[in-house]
Amino acid sequence: MAIATRQHRFGELFPSAPAFRWRQAEAALFQPDAKGWGSVSVFPKAMREEAEAKIPWMSVALDRMFESRDQETLKAVLSTEDHLLFETVLMGNAREQWTVCVSSQVGCAMRCAFCATGAMGLKRSLNEDEITDQLRFWQSFLRERPEADARISNVVFMGMGEPLTNVDNVKQAIRTWVDKTDIGPTHITVSTVGVLPAMDQLLEDKDWPSVRIAISLHSADQTEREKIVPSTVPHFLDKLADWCRRYRQILGNRRHHLTFEYTLISGVNDTPEQAEMLARFIERCGKPKLNVIPLNPVSGKPFTASDQKRIELFKQVILRHGIDVMQRRTMGDDIAAACGQLATGEQPHMI
Ligand code: SAH
């Protein structure tokens, strides 16, 4: 079942309203003190009342909330109008601001071997409102908190789902955020398993905002990657290297907006030889940055994290090639909110 968007319902309810009315409606959604259509004072009274009765102010509702013991990570389980559950995460970042991790789908069709979301399969893609409102949800959550300076500075598409198989809704949500908040496109990251046809389209799309792109690589060996990332197409690595070349050509100095992600799995992709192979592949791609992510355990999966000594060794090999490498800090693993742990099954410590 497709859930009608707010814009669609607005159009049906007020077919003769001039275009500026919808623009006012969208602006109101992001006004800190607006609590519902009833408080949109630029609307005539009748319009306010009809909108209040017929158009949801929020497309998602809070089902349950979890907070990590260190209080740096919060996870909200949200429910859609058709009663599906999905997750969104709020993380304190190094600059004492917050990063929101959003989902683009309920579940995921990609079935990466080490990821909890993949194991639940794809229920459906989220529509533009359901993506947009994850940011609005956390904004209004933070407004209720005592710290007055609590600001969301970044958004990452690293929750449930593969954003590039839902690209129109993802793009629309990003455009709304960029338009209606102070979060600029370079503070938004779209993480993809590497959906090449959609990636090709991004290069051609003049309306695609200049967000950061993160590509989940996990192996620089075609055969090995096919084992852990089953959506890997034949000759993926060659095609990706070619895509990176075109990305640099077309987007020029925006090269630094490209990152590779690499989840380190003990005995699978973490040897010094594999690091060497990865470094050579990154060089071939014009040296995008590398983020290594220690594997977060997922129940029922046969994988374990590499120990820190191994991770250090791996990073050293990369660094010797003059490649910028960052190890992503594990956050929220005690509430199953860390990368790859999002799945709406049994949940720990509820608040
Ligand atoms: N579908 C997108 C977004 C997924 S989640 C993508 O594939 O990029 C964001 C990151 O978390 C991806 O790099 C993903 O591979 C990684 N990830 C998945 N499961 C993980 C796990 N168990 N431990 C650590 N990282 C994981």
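**R48 and its surroundings**

Modeller: Apart from its neighbours within four places in sequence, R48 is in contact with W37, G38, V40, S41 and F43. Please keep in mind that this is a predicted model.

Biologist: In which helix is R48 found?

Modeller: R48 belongs to helix α3, which covers residues 45–54.

Biologist: And is R48 buried, partly exposed or exposed?

Modeller: R48 counts as partly exposed, because its relative accessibility is 23%. Buried would require a value under 20%.

Biologist: How far apart are R48 and K301?

Modeller: Along the sequence, 253 residues separate R48 and K301. In space, the distance between them is 51 Å, taken from C-alpha to C-alpha.

Biologist: Let us turn to the domains. Into which domains is the protein divided?

Modeller: There are domain 1, with residues 6–54, and domain 2, with residues 61–335. Their C-alpha centres lie 34 Å apart.

Biologist: How many residues of each domain are in contact with the other?

Modeller: On the side of domain 1 there are 8 residues, and they are in contact with 11 residues of domain 2.

Biologist: Now the whole protein. How many helices and strands are there?

Modeller: The protein has 11 helices and 12 strands. Its radius of gyration is 21 Å, close to the 20 Å that the globule rule gives for 351 residues, so the protein is as compact as a globular protein of that length.

Biologist: What does the C-alpha trace span along its principal axes?

Modeller: The span is about 70 × 45 × 40 Å.

Biologist: What share of the residues counts as buried?

Modeller: Of the 351 residues, 54% count as buried. As for the surface, the protein exposes about 16,100 Å², and carbon and sulfur atoms supply 51% of that area.

Biologist: What about contacts between residues 24 or more positions apart?

Modeller: Such pairs account for 67% of the contacts in the protein with a separation of 6 or more.

Biologist: And where do the charges lie on average, that is, how far apart are the mean positions of the positive and negative ones?

Modeller: The protein has 43 positive and 45 negative charges, and their mean positions are 3 Å apart.

Biologist: Back to single residues. What is the phi of R111?

Modeller: R111 has a positive phi of about 55 degrees, although R111 is not a glycine. This residue is in the loop between β5 (105–107) and α4 (116–119). R111 counts as partly exposed, because its relative accessibility is 49%.

Biologist: Which residues are in contact with R111, leaving aside its neighbours within four places in sequence?

Modeller: They are G118, A119, G121 and P230. As for L135, 24 residues from R111 along the chain, the C-alpha atoms of the two are separated by 26 Å.

Biologist: Where is H218, and what is its phi?

Modeller: H218 is in the loop between β9 (212–216) and α8 (222–228). Its phi is near 65 degrees, a positive value in a residue other than glycine.

Biologist: Is H218 buried or exposed?

Modeller: H218 counts as buried, because its relative accessibility is 5%.

How values were computed:
Residues numbered from 1 in each chain as written. Predicted model: local features only at pLDDT ≥ 70, side-chain atom pairs only at ≥ 80, totals over all residues. Heavy atoms only, no water. Helix = DSSP H or I, 4+ residues; strand = E, 2+ residues; numbered from the N terminus. Rg over C-alpha atoms; globule rule 2.2 N^0.38 Å. Buried < 20%, exposed > 50% of the residue type's maximum accessible area, 1.4 Å probe, protein only. Contact = heavy atoms within 4.5 Å. Areas by Shrake-Rupley, 256 points an atom, 1.4 Å probe, with all protein chains shown as cover. Lys, Arg positive; Asp, Glu negative; His and termini not counted. Charge placed at Lys NZ, Arg CZ, Asp CG, Glu CD. Domains from an automatic or database assignment.
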